[in-house]
Amino acid sequence: MDPEEYEQIFGYLSDKRYPNDIKESEKRRIRKMSYKFVIEGSDLFYLEKDKLSDNMVKRLVITKDKLSTVLKMCHISSGHQGINKTVNRINERYYWKGIVENTRKFVKQCEICQETKQKGKNYSSRIKFCFHWPKSLGKNRN
Ligand SMILES: [Zn+2]
């Protein structure tokens, strides 16, 4: 999340404070936006209803400066298993706008993933070869 937006929501929720010199329409926007968030301790959380259990779930709001740290952590803990697994892992606990987009970029740049992908390609082409080989052997016998 944009640090400015974070400040606005945090300020409003903690003591109904707005940034100086802003228009009434801006205040309305902040109020509307803040509705989905809650402060606990000194952290901001995003509130959302869980589709499966119908319970409200809280996800920690991540600002731009912490984004790469969280991405890295979730990607590694997901076992370098592509974009979807990493996104799921992030969605369990964290919130910001554009998670999928950021994860896609991050995974593309991950050296370990690129290396594994390369190995995977070689491996599957080898399997294909083994698979076709006995077939042609059978043909030769007939
Ligand atoms: Zn990776």
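Good morning. A residue is called buried if 20 or more other C-beta atoms lie within 10 Å of its own, exposed if 12 or fewer do, and partly exposed in between, with C-beta atoms placed from the backbone. The structure above is a predicted model, in which local features need pLDDT of at least 70, side-chain atom pairs count only at pLDDT 80 or more, and totals for chains, interfaces and linings use all residues. Residues are numbered from 1 along each chain as its sequence is written.

I begin with Arg89. Arg89 counts as buried because 21 other C-beta atoms lie within 10 Å. Its place is in helix 4, residues 82–93; helices here are DSSP runs of H or I with at least four residues, strands are runs of E with at least two, and both are numbered from the N terminus. Leaving aside residues up to four places away in sequence, Arg89 touches Cys74, Ser77 and Ser78, where contact requires C-beta atoms, placed from the backbone, within 7 Å. Between the C-alpha atoms of Arg89 and Met73, which are 16 residues apart along the chain, the separation is 9.7 Å.

I turn now to backbone angles. Most residues other than glycine have a negative phi. Lys16, which is not a glycine, has a positive phi of about 50°. Lys16 lies in the loop between helix 1 (3–15) and helix 2 (24–34), and it is classed as exposed because it has 9 C-beta neighbours inside 10 Å.

Asp54 also has a positive phi, near 70°. Asp54 is found in the loop between strand 2 (43–49) and strand 3 (56–61). With 7 other C-beta atoms within 10 Å, Asp54 is therefore exposed.

Note on methods. Contact = placed C-beta atoms within 7 Å.
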